[in-house]
Amino acid sequence: MTQPHDAGGQPRANRLAGESSPYLLQHAYNPVDWYPWGSEAFAAARERGVPIFLSIGYSTCYWCHVMERESFEDEATARVMNEHFVCIKVDREERPDVDDIYMTATQVMTGRGGWPMSCFLEPEKLRPFWCGTYFPKEPRPGMPTFVQVLGGMHEVWTQRKGEAIQQSERIAQNVIQNLATTREPVPVGQVQITQAIQHLLRSFDRIHGGFGGAPKFPQASNLFLLLEARKDAGDDDTRTAIDAALRTTLDKMAIGGVNDQVGGGFHRYSVDNTWTVPHFEKMLYDNAQLATLYARAAASDDDAFYRRTARRTLDYTLREMTAPGEPGATGFFSAQDAEVNHREGLNYLWTPESVRAALAPEDAELAITLYGLDQGTNFQDPHHPDDPAQNVLRLSDRPEHLARAMGLSEDNLLATIDRINAALYDVRATREQPHLDDKVLTAWNGLLLEALAGGADLFDDVRFFEAGDHAARYILEHMRAEDGTLLRVARAGSAKTPAFLEDHAMLITGLVALHRSGFSRNGWRLDAAVEIANLAHDAFADPQGGYFDTRADQDDLFVRTRTSYDGAVPCASSVMLGALIDLHEATGEDVWLDRAIGTLASLSPQISDSPASTVNALRHLLRLLRLHQELGDRVEFGEAKNAPLPVAAAQSHVEVHASAEQVKLDEQTPASFMLRLVVPEGMHMVAADPGEGGEGLIPLRVGLVRGRGVAVYADYPEGELLDLGIEGVAPIRVHHGTIEFEVAIELAPGVGATPGNPVLGVTFQVCTQRECLMPRTVELDVEIQLDGALQNP
């Protein structure tokens, strides 16, 4: 089956041409016979008796663009896809429910995830039997080509279909266990808050800020928790440690290249430890959360630099993330792309020569010094190494410190910076601009409503309040179905897709924030928040307490999810917990407090298991503990003071130790070191070769997590047999306690001395007799030295 062409030989539009998603429209003229997610695609796969190839991404995803150019635009690849599969394309931002399910499946299978996501589903129940992410067109070390993957999946389906179905059943059960298992509530309280804070302080980078190593994400939820917990720190040492982690991270992000120094707004993450070189896409959800965070930190610390950062971030959203005219009148857009003309960050890069061409001589030399261009280049496009190196603009310190070093007043320096930035922005505006994903998402707009309300009060600036008010009215009036159901997505004048729990929760939060603003003059915003909260309760509430992420009548999902992980965007239930507390505080009505307590109870097993993964829920738990002081037994949570190490927390407490911090490697001499893993008591780790009973589990592996050019070998211990006590399931090999084994590294053939900054990691999955946890990959702190030249991980 091939995609037809018109008389001129060009591919005709496929089914995606009728969609509104910018991401789906990017693929509307692929030779692949794409379907949108829906009953037509499912029926076609069932009628043909072929598997579904599911590709999930979003319009500003760099590697999604790469895979499209390499594979989905290729006629030969498309012929294989069309002949052997029904191919479905999903915009993860329009359908977070679909994304959650298959991302969890991908992580279960591979130990990691990302976009584009590539999954193969059996057509009857839509369960995945094989998952991955990006696959190249040409062979790469350790990575099959996409055509090889397609051929392998076709062979599995046609020759070993029964095995594929069994595999899909195992993966589906693992997904259900991770996303939909309900458990009895457990006591939670200050103990879990303390554990999460301790985890953050242990992983805090004291030099550059942030948590852990590169790539570094802003992780706003972590910082909100630190900001909230700092108020209640029990002693000066704890308060000082929290303050250092919070302020160092806020400072380093704001002066780094991850913050657009010219135009304002934050890029999605930094590829290095110093927040210098970003992955250049800009997301509305990041900028909404960070604007709120910097505004609250500015108010708490009376910090002018944080105030300036918050204002510039909000100004960016009003200038670039909404349609011309009244800001917010048709809502706020979703994202800006990372690339221009297939080049990452091209719009944002500068050289000393381009700065001098844009500015008066005196300003140009100051800008070159101020933004670090006199220190050499800091950006080389990794995908186009022949392109000339350029600079991402960044500051070396906070403005008041720079002014002091330059012998200037802070006001004078900031006025000069504003003049320089305005001129550079005007020049940048003449360049080709990144693609704008102009769909409006209710959830992300709700996050921005909260930021705009806070900014309006902090700056006493009605512009921000009015922009938020316009967006709120647009959502409430235009993003509704005929029966009043809230809708998630709007674009080009039409709205669709019944909203999910996160849309309701984030919109409630934004509406209450607008209601609380000093610019609010009547109660309609609170009335609207109450209405949306009741809609959410009707559509998503679990009679046993808490909320589901999705509606009960969604027959295109094999599981009804209730996620608890607070990542770049906090989970829907933790946001709903905060929204219900907001409603209780705003109305004084106990019904909202009762629902908040029920929501907390439903989250309590996950909070107890893994406090560091539920930081937004913990932030709102802190608020409820303060209410406890006022209301006594009305809010009773208990304390888990002497509880054993929780199951999921145990996975994060697997100890990983390498015997060497640095190894030397050349073409003649391999290197080796010993790796020691300590498994918590009461748990076991799946061995490297678990045997027949280990199908669907992730075996112990050491390998590359980033970079290329080296081969990694390990002398894995055999492990001991464990009988699971399940009829028909063979024993598996596992490890208990401490295991130690040798890891060897050598240059891959033909690589020479340019291995591409390899970073090693160990992937493992730990289990109890009752359940297995999500696989985890830990980067190893082992730097690889080649002929005396240190390769930075």
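These are my notebook entries on a few features of a predicted model.

**Ground rules**
I treat this as a predicted model, where local features need pLDDT of at least 70, side-chain atom pairs count only at pLDDT 80 or more, and totals for chains, interfaces and linings use all residues. I number residues from 1 along each chain as its sequence is written, and side-chain values use heavy atoms, with hydrogens and water left out.

**Entry 1: two helices**
I looked up helix α10 (residues 236–255) and helix α12 (residues 304–320). Helices here are DSSP runs of H or I with at least four residues, strands are runs of E with at least two, and both are numbered from the N terminus. I noted that α10 and α12 pack at an angle of about 50 degrees, with their axes 11 Å apart. That makes α10 oblique to α12. The classes are: under 35 degrees roughly parallel, over 145 roughly antiparallel, 65 to 115 roughly perpendicular, and the rest oblique. Axes are lines fitted to C-alpha atoms, for helices over the stretch in contact, and angles run from 0 to 180 degrees between N-to-C directions.

Next I checked who touches whom, with contact meaning heavy atoms within 4.5 Å. From α10, Arg 247, Leu 250, Asp 251, Ala 254 and Ile 255 meet Phe 305, Tyr 306 and Thr 309 of α12.

**Entry 2: a sheet**
I found an open sheet of 4 strands, ordered β15-β17-β23-β20, with antiparallel pairing. Two strands pair if DSSP finds at least two bridges between them. Which strands lie at the edges? They are β15 (655–658) and β20 (710–714), and each pairs on one side only. I then followed β15 to strand β17 (residues 671–678): they pair in the antiparallel sense over 4 bridges. Val 656 stands opposite Leu 677 in β17.

**Entry 3: the disulfide**
How many disulfides does the structure hold? I counted 1, taking a disulfide as a pair of cysteine sulfur atoms within 2.5 Å. Cys 61 and Cys 64 form a disulfide, with their sulfur atoms 2.4 Å apart. The torsion about the S-S bond of Cys 61 and Cys 64 is about 80 degrees, so this disulfide is right-handed.

**Entry 4: backbone details**
I saw a cis peptide bond between Trp 115 and Pro 116, with omega about 5 degrees. Pro 116 sits in the loop between α5 (96–110) and β4 (117–121). A cis peptide bond also joins Ala 214 and Pro 215, with omega about -5 degrees. Pro 215 is in the loop between α8 (190–203) and α9 (220–230).

Last, I looked at Asp 460. Asp 460 is not a glycine, yet has a positive phi of about 50 degrees. I placed Asp 460 in the loop between α17 (442–459) and α18 (462–478).
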